[in-house]
Structure formats: C-alpha cells, structure tokens
Amino acid sequence: MSASTDRPVAARAAKALVAARPWASPVIWLAAFLAFVLAGLLLPLRLPLGSYYWDTAVYFDAAQRIREGQVPNIDFFAPVGPLGYYLVAGLDRLFPNAHPLLTANWGLLPIALPLLAIIVFHVARSSRRLALALLLPFLLFASLPINLHEVYPLPGFDGYGHYNRHVALLLYILVAVLTFARDRRLTTWLVAALMLTLFLVKITGAVAGAMLVGYAALTGRMRLRDACLAAAAVIGALAVIDVASGGLTRAYVDDILTLLKLNTDALLPRFLTVASFKFEVIGPTLVLIGLLAYGAWRTRPTGMAARLRALAVSPVGWLAIALLALTFFETQNTGSLEFIGLWPILLVLLLDWRRRDDNLRTFVLLLLCVIAAPSALVFIERAARATLGAPTYLPLAVDDVGKLGRVSVKQEIAERAPVMLQHYANHQSAYADLAATGQQPSLTLYSEIDHHAIWLLEIEQGILAIKAWEQAGKRELNGVFTLDFVDVLNYLLDRRPPRHVPIGIDPTRSNPKLEAQMIESLRQTDAILAPKCPLTSIRAAIFKHFAGALEGRSKVALAPCWDLYLKP
C-alpha cells in the first residue's frame, strides 16, 4: 500500500478517534453542565458580593408576592415580563438553600437549555464538532452571574443584569436556529417558542427577535407562511395565558405602555452610548461587515439588484441585521452579555473563510478573533478573579438576612461597612441636605460593593428591630412596604406584601403614578418603612411619591436607620 493511500485512511482514523472521545459529545457537556448547576443550587454556598446586589433581591420580592397569590403585572407593576419572576420563584421553592445570585442567574435555564439542546442535537446529526461550537459558548456565558462590563474594580459576582443575560442567551439560541436549522417545522416551532419566551421575559428582547425573524422571512431563510405560523402560535399562546390568568397578557401590555411613557429619552443618544460602551465589539464588527461586503461585491454578478440580493442572503447581511437588532436591545438597558448573539454568525464565517483562497482571508479571520475573543476573555477573567479571590474574603456579618446574606467581602469592606452604617445614622441631616440637591453620597454609589454591604447591614438592623418591636408590643405586623428600590423584608419575614405596588422602584424609570387601588392596599398594610442610612435623593423621591399613603399613620423611630409608619 502506497503512502498516498495511507494518508486518507489515517485521516479517517484520526477523525473517528476524535469523534469517539467523550469530550466531543454534546450530551456529555450538557450532562456536566447540569451537574454543575444542580450542585450550585443544592449547596449552601457563600459567594463574593458584587455590584448592584439589590437587583437580585427584586426577584425574591416578586417570589414572595407570587407565593402569596399575586400575579405579576396584574397585582403589581413590574419593569419586565412575568416569566423570569415565576421561574426564579419556582427554583427558589425547589432549592431553598440555593444562593440567590445563582437562582436568579439560572432562572431561565429550565426553558432555554432544552431549546438549545434541540438545535444542538439537530446540528450534531451532520457535525458534532459544529454542534459543540454552538453549545460551548452558551454554557460558558450561562455558567455564572458575570457581565461583560465591569462597573466596579473589585471582583465579585454581578447582582444586576439577570434578565438582560436571560434575553442575551435566548437571542443566541434564536440566531443559532435561524442560521443552522435545516428543517422547516423544527425552525418554525423553535422560533415560536423562543419568541414567546422573549416576549414574556422582556419586550425589548422580543422586538430584537422580531427584527431577526422578519429578516429571515424577507431573505427567504424562513418562508413567510412559516413565519406567520410562528407568529400565530405566539399570539395563540398569549391568548390562552391571558384567559387562564385573568388578564396577564393585557396587564403586561399595559405595563409596557406605562414604561414607554416613563422612558421618553431619544433613541439616538442611547445608540451612541452603546457604541462607546461596547466599541471593542461594534467597531471591528462594522469593519468586518465592510470588508465582507467589499469582497462579495468583487465576485458577485453585475447589476445592483442582484448584488444587493446576494449580500442580503449572505452571512454579511445576517451579521449586519444581528448587529442592529442586538444594539437596539442594548440601548434599552446596557450591561449583561452584550452581543454574544453574533457568535453563531461568526462561526458560519469562520467555517467559510478558513479554507478560502482569498487575499482577504487573513484579515477576515483576524477580525473574527478580535470580535469574539474579548467577550470570552472578559467573562473568564472576571469569573476567575471572583472565584480565586473568594477564599481570602470574610463573611459579611448579616446572619439574620438569611441566604441573601450569604456573601463575602474583602476585609476592608467588612471593617468599613458597619462604621459607615453608624456614620450615616449619626449624620442624617447632612445627607438629607445633600439629597435635597439631587446628589448622591457618591456618583457611583449603587455600583459600589461596599454600599451593598452597608445595605445588607441596614436590612438586618430593620429585621431585628421589627422582631424586637413585635415581641415588646405582642403584635405581629401583617406585612410591610419599604420606601426603597427593593422591598425584601416581606420575603425575609414571611409576611404578606401589599398588592398593586411596583417592584424595583426607580423614580426615573419605573415608578407609575399612585392609583386609588394602590393607596387602598397600602392602607391595609400595617407598616410602611423608611430606610435612612443613607438618605439619598432616590429614597427621598420615593418617600415623596408615596407620601399620600402615610397620612394618618403614627411615626415610630424603629431603629437608628429606620422609621416605621404604623397603621392606626
């Protein structure tokens, strides 16, 4: 047998050996990831505190309301869709010892992971390596509560951006389906499932998804009939949900319209913000689009219409529309897993250009690396810093805050937080003067990890003070309402939250006008609590907004950092 005939045999043997290795199987990776997630949910872990931790607590405010029979968007105003709250509430019930950061981060996996598995196994029938190339980035970015942008220099797990991460992962799957699915029925039903999920998680994610699906129908990637069938399935499912829940879909749409009224900023400045925020992705992607368009223009047939049509259906057209759709989504709330939805299209380009005999090949491959590598490296680097630094951190002394208090911080923050809490209590008038000017104690206050450590200490002080007050007066409060961004005391005390009051109160973005049913519900709530350490302009604005609900109540100095307004 000659050497020339030996080579193909050896090559086939090598491919068979690679294919037989366990690590080359998507099933193994999915099973390992599930084991990792289950271990994280079962173990009582303590995690390093990160920025905006109280954003995570919003999910548990919602979980308590759902547990008490409230329906998101019907019984309380929410800044995003209801599905994420239900899923996190369900995981919280199934895994009561799970860390809140992990519960919120993995809340969407019960839906997203099966949808991903379907497209991965579909692709694996023709290429397991390609299936792995689709699967592994998703598993990486879904693994930990880490965002691709650092808002505070100290390492920790990010407490904010959960629903943005959920949408980013769903859009990744949607792009993968539109790019790699080769079965019409499979494509139609996966698109329907993903669009329904996107709509129920966050409306701006559904708008971005609709841009991608619309482009697929326009360019022939999906038949118009199939796209209409998917849309009809989504509308039908929403109608069923609306009837079964007593109007959830309609209430959600009403909340969306309210949010639109509360957020009237021009869109162009937001696009510019995203462009500067994520220039390391947007800049090279635009260069790559230009380069690919130039390369295609050289080789396409003459005629403007034919060239434009060829560009539209090619990967460069898909790269352009995906960049536009993902940028639009990021304009609404920047900060999560920005632009990972480009990766399936970058994979198509990699497979196409790695073997091309074209003088642009080197530049295209370099740009693909420049676009993809920073996101992966940032995620890995931030996750490694948080994980490797954790053993040197100290537990924050907030045992009475339950699992929300299972966090660790640097020694400096552990020492600073109680000192600052006492400082805020001793100098309330100074911070009230500062709040009156519209200024915060720090320009980046809510990004600062030490602020959220102080907030946890403040919450613990409130819990202990309520328990002491109840024991002394032999009276148990039926529920409380906290005049702050997040109202987590009902969850921690297992009390009944008032109905019709919003969650995640932000006076600048998500605080609708007081309505009669909201005031009436607050009148039936025994205690309204005002936190004061520190008094900020945001807290002052919330206090002013709900001042009408305080009429007729007696004020009790509950603790150095808390005032209680008691129902007569």
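The model is predicted, so local features need pLDDT of at least 70 and side-chain atom pairs count only at pLDDT 80 or more, while totals for chains, interfaces and linings use all residues. Residues are numbered from 1 along each chain as its sequence is written, and side-chain values use heavy atoms, with hydrogens and water left out.

**Disulfide**
- The whole structure holds one disulfide (a pair of cysteine sulfur atoms within 2.5 Å).
- Cys533 and Cys561 form this link, with their sulfur atoms 2.1 Å apart.
- The two cysteines come from distant parts of the chain, 28 residues apart: Cys533 from the loop between β5 (527-531) and α24 (537-545), Cys561 from the loop between β6 (554-559) and β7 (562-566).
- The link of Cys533 and Cys561 is left-handed, at -90° about the S-S bond.
- Cys533 and Cys561 are both buried (buried is under 20% relative accessible area, exposed over 50%, partly exposed in between, with a 1.4 Å probe and protein chains only).

**Salt bridges**
- The count comes to 24 salt bridges (a side-chain nitrogen of Lys or Arg within 4 Å of a carboxyl oxygen of Asp or Glu).
- Lys532 pairs with Asp563, their closest N and O atoms being 3.1 Å apart.
- Because Lys532 sits in the loop between β5 and α24 and Asp563 in strand β7, this pair ties together parts 31 residues apart in sequence.
- Both Lys532 and Asp563 are buried.
- Arg382 and Glu150 meet in another salt bridge (3.9 Å, N to O).
- Arg382 lies in helix α18 (residues 361-389) and Glu150 in the loop between α7 (128-142) and α8, so the pair ties together parts 232 residues apart in sequence.
- Arg382 is buried at 7% relative accessible area, whereas Glu150 is partly exposed at 33%.

**Largest pocket**
- About 1,500 Å³ of space lies in the largest pocket.
- Its lining counts 49 residues, with Tyr163, Gln332, Asn333, Asp506 and Arg509 nearest the centre.
- Helices that each supply at least two lining residues include α3 (53-67), α8 (162-180) and α16 (315-332).
- On a 1 Å grid over the protein atoms alone, a pocket is an open set of points with protein on both sides within 12 Å along at least five of seven lines, and lining residues have an atom within 4 Å of a point.

**Surface patch**
- Trp23, Trp29 and Leu136 make a nonpolar surface patch with about 290 Å² of accessible area together (residues over 30% relative accessible area without a salt bridge, nonpolar side chains joined within 5 Å).
- Trp29 belongs to helix α2 (residues 26-42) and is partly exposed at 35% relative accessible area.

Terms used: Patches are made of residues with over 30% relative accessible area and no salt bridge: like charges are joined within 9 Å, nonpolar side chains (Val, Leu, Ile, Met, Phe, Trp, Tyr) within 5 Å. Accessible areas come from the Shrake-Rupley method with a 1.4 Å probe; for residues, only the protein chains shown count as cover. Helices (H or I, at least four residues) and strands (E, at least two) are DSSP runs, numbered from the N terminus. On a 1 Å grid over the protein atoms alone, a cavity is a set of points where a 1.4 Å probe fits but cannot get out, and a pocket is an open set with protein on both sides within 12 Å along at least five of seven lines; lining residues have an atom within 4 Å of a point. Grid points are joined across faces, edges and corners, and a volume is the space filled by probe spheres set on the points.
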